[in-house]
Amino acid sequence: MTATGTRARLVLSCIVAIVLLGLQPGSNAQTTADGPPILFEDITQQAGIDFRHTNGASPDKHIVETMGSGGLFLDYDNDGWLDVFLVDGGSLADPQAAARARHRLYRNRRNGTFEDVTAASGIVRGRGFGMGACAGDYDNDGWIDLYVTSDGPSDLYRNDGRGSFTNVTQSAGVGWVGLSTSCAFADIDRDGDLDLFVANYVDLTGGEKYCGDNRVRAYCRPDVYKGAPNVLYRNNGNGTFTDVTKQAGVYSTAGKGLGVVFGDYDDDGLPDLFVANDLVPNFLYHNEGTGRFREVALLAGVAIASDAKPRAGMGTDFGDYDGDGRLDLVVTNFELESHNLFRNLGGGLFADATAESGLNVATIPFLGFGAVFLDYDNDGDLDLAIANGHVLDNTSHFRANSRYAQRNLLLRNDGGRLREIGLLSGKGFALEKVSRALAAGDIDNDGDLDLLVTNNGEGADLLRNDGGQRNNALVVKVVGKQSNRQGVGARLRLVVGSKAQIREIKSGSGYLSQSDLRQHFGLGRATEVDRLEIRWPSGRIDVLQKIAANSVITVVEGEGVTARTPFAAR
Amino acid sequence: MSLSMVPRLNRLLGSLLALVVTVPVAPLAAQLTPEEAWATVAEANQRKQIFVGALRQLTVALAGTFGDEGPRVRSSIESLDAALAEWDRSILAFEARLRQASRPAEFHMALGAVYLDRDRMEEALREFIEASRLDPSRADAHTFQALSSALLNKPTVAAQALAKASSLNPGNRALLYSEARQLALAGQPDQAGETLRRFIQSLPLQSIDRSASEAGGAPFERVALLRQVAGVAPIFPPALYADAFKLLTQGAYREAVDRMKQLAARDPLNDGWSQGDELARGSAALRNGDVQSALAHLKAAIESAPSRAETHRILAVAYRENDQRDKSIEELRTAIRLNPRDERARISLADALNAAGQDGDAERVLREATESFPAAGQVHYNLGRLYRLMAKNLDAVHAFERAAALNPLVGLDNLYETIGAIHVVEGNFDSAMDALQKRVDVSPNNAEAHRKLGEVYLQQNRADEALGEFLVALLVDPRSAQTYAGIGQLQLQRGKYVEAAEASRRAVALDPALRAARYSLGSALLRLGRTEEGRKEIFEFEQLQAEARAREEREWELRLIRQAASVSLDKGDYEQVAEQLRKAIPYSPDDATAYVSLGAVLKRLGRHAEAVENFNKALDLKAGVDVHRLLAESYEALGRLEDSQRHREIYTRAKEERLRALGGSR
């Protein structure tokens with residue numbers, strides 16, 4: 001081997017290495033600064049999540065069969081580890097199947113496995129066909145409570161603090177009967193307790209219609225039904241609620257609500273409300289601060305897409321994806337519509353950033369439901385995950401290229417451009433199912449965000465993030481004192497060097513779901529946070545400085561950091 | 001014959017036809033003047049039109065609708081032959097004159113034009129190159145070099161020529177667009193993109209009206225034997241003649257005509273044809289609208305020659321016109337059995353089966369026909385249409401694409417539009433763009449074609465290409481509100497709110513009810529800080545949207561009612577069908593077919609008096625002639641024989657007139 005030949009072989013080896021490591025320019029491989037790709041592993045089975053959704057699918061094609069169901073992360077026992085709640089559906093055609101359906105509560109054993117504690121929890125399947133859920137400590141007793149929506153009566157379960165729940169729907173006065181979908185708790189009037197908003201879909205009181213063609217019956221589009229009004233309950237502070245829908249200005253039969261999220265989009269300290277409506281314009285309710293909301297979606301630019309057509313709005317989330325300190329908005333839609341990204345311009349206006357972000361081309365083939373902004377790789381900017389799955393189990397009969405089961409999407413944020421990298425992100429994102437809800441949370445407290453996905457008619461998926469924690473992070477749990485106990489509605493602003501990130505604590509978002517109430521910040525390689533501001537719903541602002549990375553901190557309103565737990569090693 | 005997109009020159013072909021009348025061709029020995037040269041060009045073009053006229057006659061005859069077209073086929077081919085000979089003689093004469101004359105650039109341009117028209121592209125290109133060499137300042141010489149080069153599939157050469165033409169004629173914006181297209185075809189995407197951007201910059205909205213006016217609604221010229229008109233369904237020659245017509249598209253006209261002569265002898269229309277025999281008499285009667293007489297003659301023809309397939313085919317037509325659908329189908333099956341090579345019978349059989357609701361059988365017939373006649377464009381096209389009715393989109397698009405590759409005489413615009421639309425529905429956007437680009441290539445002066453392509457580009461984030469197509473669409477049709485709205489939406493997405501407002505305002509001025517434009521305008525104004533104006537537009541949009549929403553809700557309700565009726569019909573529950581169709585009437589009180597449908601069901605239920613009431617309402621709303629047949633049957637059931645007879649006569653007369661009109665045009 002000559003010197004020239006040796007050098008040539010060396011150069012060739014380097015080229016091969018570069019190619020293999022995916023470090024060539026323009027590569028789609030998603031790596032941390034010095035490691036292999038970040039993968040989402042499906043750990044459902046080993047975790048012991050054996051839930052299977054009962055969708056009651058029947059030849060009659062009842063619309064509710066294709067909608068559910070919901071799932072969420074919550075720490076119901078306050079042990080600092082995320083538990084899982086999954087909503088079950090039922091059956092309108094088969095009473096026996098309906099009787100077998102039951103919601104499930106899984107307690108995190110802190111070792112990668114979960115225990116089914118449903119029986120002990122007292123949460124039985126409700127009287128209706130289960131849809132979604134949201135969680136919030138409405139009575140400020142320190143234990144998170146649960147509201148489960150359904151087609152039929154929805155239910156409020158108060159957490160007794162002893163591992164069990166009590167159905168207090170009737171006494172609380174929140175037993176709305178209708179086709180309810182997503183819900184969210186928020187302190188809309190800043191009186192220190194959590195109020196409740198419930199989205200409703202369509203009015204089925206006139207009976208269900210026959211849809212499809214002569215050969216094949218199909219699930220109906222929402223067009224064939226009138227919309228059902230949403231409901232806003234104001235917390236009276238004594239365990240009861242009052243329906244204030246009309247006086248708050250949020251009553252409308254023009255909507256067909258599926259996704260709900262609260263967020264202070266204009267940064268005036270008041271929680272505003274976005275409702276994703278199906279095939280009719282979305283709602284953006286601006287909180288006027290007087291107990292009233294004003295619907296401004298059209299003026300704001302988030303009611304419809306830029307071609308002036310309503311989309312099939314399903315799931316939604318607020319998140320500052322471009323890092324400018326303002327909450328932006330994502331809404332998932334039908335296949336061939338592409339999901340929408342609305343960039344907050346300030347001044348109450350949004351721009352349709354679907355095209356400029358690349359979201360349109362990436363999402364056109366998919367029918368989206370759950371959506372969540374999350375910093376999966378801990379690099380300090382918000383990425384996006386979307387759960388997809390068709391609504392028609394016979395969709396290919398109507399459109400040959402359409403698929404019922406679809407894969408979910410992981411879109412990495414590269415300076416405001418969203419690049420779909422799901423197929424490079426492990427088995428969790430290669431699964432093709434009929435997905436619905438999507439929630440993000442750190443189930444193993446290792447500093448990166450894991451995902452919970454529910455699927456219509458089959459089991460849920462728990463996807464563990466392997467690799468995100470190679471970058472640093474900080475997880476913040478807040479405890480309100482003048483504000484509601486969980487600090488729902490608190491705005492957090494974290495600064496490292498010249499870069500700032502904002503988060504808001506939300507109960508209920510996406511589609512039929514809720515993510516971890518603790519707020520996760522990716523820090524990249526930074527080992528310390530320069531500054532963390534918390535604007536509480538009460539109006540108080542707490543400022544913390546010099547916070548070490550890689551731990552879960554608890555911040556109490558007015559008292560600063562009261563607990564710090566390093567991330568679990570794995 | 002492929003299409004080029006080259007901006008039109010004033011001084012060519014069409015407008016010079018008038019000179020033929022006033023300027024006689026000079027004798028051979030005299031010096032040729034430019035006027036005489038161009039007069040000769042115009043005369044040659046007239047020869048071409050005669051050739052095209054004969055081709056049209058042949059196409060009509062080849063349909064074989066009445067079975068007596070054999071002689072017409074032969075005579076059309078003879079006319080083609082004669083016209084072509086005359087055409088070529090005039091060209092030879094012109095060439096001879098030019099050999100005797102000095103040849104400035106003008107004469108090379110004239111001869112090039114003659115060759116271009118005659119599809120002698122290499123020679124045309126040679127003449128245009130020589131013209132530009134003699135007079136480099138002539139933009140038209142470069143433009144026509146580009147045209148010829150493009151038709152010869154030499155996009156690099158075409159692009160270079162267009163660049164030169166553009167530099168000599170910068171006011172002609174369309175040259176830049178064409179150059180960008182040729183660069184893209186030449187595999188030079190960066191240069192194509194750069195040129196496209198220059199085109200976009202050269203055409204601000206404020207200049208659109210003037211530029212469009214200069215372009216006169218047709219900034220591009222297409223050189224082809226037959227003009228591709230938007231909205232026209234494709235017409236294909238029978239498979240028997242496919243290779244002859246392919247020679248036509250390749251410019252080999254002489255070979256094509258010679259081949260047609262050979263093939264005509266094998267055409268079933270000429271097989272044993274004899275003027276005066278029973279088949280001929282039957283065809284003549286049919287052509288004259290006299291169905292009963294036709295039936296008599298054709299049955300007699302079959303008695304005397306039962307194994308003559310063509311007779312069975314035409315008898316099927318007569319049975320169809322006599323509303324004897326089953327017998328029509330039976331005769332067509334017989335015709336095919338007797339002559340499996342009869343493409344016309346197979347197509348007719350599939351149509352008849354489809355009309356009878358036997359889509360599965362129709363599909364089978366057409367699929368078998370594609371195997372027997374792979375070159376039969378009409379078969380593939382009809383199969384595509386059937387698949388579309390059956391909601392089998394992927395099969396439909398495959399069939400349409402196969403048809404498009406088989407060189408329809410006309411209708412490529414329609415075909416590519418259909419293919420593109422199906423691909424969009426199926427989410428195959430690359431294929432959609434490909435088809436819609438082809439549509440633009442065959443119909444460059446079709447504003448809607450450019451706009452549709454632009455919309456798909458916009459959806460696919462290809463903003464420059466989208467804007468390019470929208471601007472070309474405006475060059476062709478500056479009064480397209482939808483195109484301005486598309487630009488408004490595009491600029492809104494790009495955050496260019498001034499441009500968005502400008503485009504949207506123009507759209508709204510042209511069509512105040514265009515919701516998308518109102519929304520874009522309002523959104524842009526709000527983001528420009530012009531809050532009051534913006535709110536006003538958004539409010540207008542809300543009103544329009546509410547009205548549209550109400551309309552859509554009613555449409556959905558009607559759709560569901562009709563769907564329910566269809567399901568009941570499948571179950572044979574006619575009472576339920578009647579009830580549902582009655583519910584549908586208020587949704588479309590001016591729709592004649594709603595009353596016809598209800599009447600037909602009531603008739604089926606034996607409720608003839610109610611049926612008559614509905615049929616008469618349909619007549620008041622100008623329903624088709626079939627209603628008279630239905631009324632005749634219902635009146636007969638009610639014992640009202642005079643009324644029955646009256647309507648039967650109206651129906652029969654209307655059918656005769658329709659047949660006569662069809663026979664007269666063929």
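Q: Let's start with Phe40(A). Is Phe40(A) buried or exposed?
A: Phe40(A) is buried, because its relative accessible area is 0%. Buried means under 20% relative accessible area, exposed means over 50%, and partly exposed is in between (1.4 Å probe, protein chains only).

Q: Before we go on, what kind of model is this, and how is it numbered?
A: This is a predicted model: local features need pLDDT of at least 70, side-chain atom pairs count only at pLDDT 80 or more, and totals for chains, interfaces and linings use all residues. Residues are numbered from 1 along each chain as its sequence is written, chains are lettered from A and ligands numbered from 1 in the order in which they are written, and side-chain values use heavy atoms, with hydrogens and water left out.

Q: OK, aromatic pairs. How many does the structure hold?
A: There are 18 aromatic pairs over all chains. Rings of Phe, Tyr and Trp (its six-membered ring) pair if their centres lie within 6.5 Å; planes under 30 degrees apart count as stacked, over 60 as edge-to-face and the rest as tilted.

Q: Which kind of pair do Phe40(A) and Phe429(A) form?
A: Their pair is edge-to-face. The rings are 5.3 Å apart centre to centre, with 85 degrees between the planes.

Q: Where do the two sit?
A: Phe40(A) is in strand E1 (residues 39–42) of chain A. Phe429(A) is in the loop between strands E26 (417–420) and E27 (432–433) of chain A, so the pair ties together parts 389 residues apart in sequence. Helices (H or I, at least four residues) and strands (E, at least two) are DSSP runs, numbered from the N terminus.

Q: Is Phe429(A) buried or exposed?
A: Phe429(A) counts as buried, at 2% relative accessibility. Phe40(A), Tyr376(A) and Phe429(A) form one aromatic cluster.

Q: What about Phe128(B) and Phe144(B)?
A: That aromatic pair is tilted, at 5.5 Å centre to centre and 45 degrees between the planes. Phe128(B) lies in helix H5 of chain B and Phe144(B) in helix H6 of chain B, so the pair ties together parts 16 residues apart in sequence. Both Phe128(B) and Phe144(B) are buried.

Q: New topic. Which residues touch the most other members in the largest nonpolar core?
A: They are Phe51(B), Val73(B), Phe94(B), Leu116(B), Phe245(B) and Leu248(B), out of 55 residues in that core. A nonpolar core is a set of buried Ala, Val, Leu, Ile, Met, Phe, Trp, Tyr and Cys residues joined through side-chain atoms within 4.5 Å.

Q: Which helix gives the most to this core?
A: H2(B) does, with eleven residues.

Q: What does Phe51(B) touch?
A: Its contacts include Leu80(B), Trp87(B), Leu225(B) and Tyr253(B), not counting residues up to four places away in sequence. Contact means heavy atoms within 4.5 Å.

Q: Why would nonpolar residues group like that?
A: In soluble globular proteins, nonpolar side chains tend to be buried together.

Q: What pLDDT does chain B average?
A: Chain B averages 92, and 95% of the residues score at least 70. pLDDT is the predictor's confidence in each residue, from 0 to 100. It stays under 50 over residues 1–12 of chain B, and pLDDT also stays under 50 over residues 14–29 of chain B.

Q: And what ipTM does the complex get?
A: The predictor gives an ipTM of 0.89 and a pTM of 0.90.

Q: Which peptide bond is cis?
A: The bond joining Gly68(A) and Ser69(A) is cis, with omega about 0 degrees. Ser69(A) is in the loop between helix H2 (44–47) and strand E2 (71–74) of chain A.

Q: What is the phi of Asp267(A)?
A: Asp267(A) has a positive phi of about 55 degrees, although it is not a glycine. Asp267(A) is partly exposed, with a relative accessible area of 41%.
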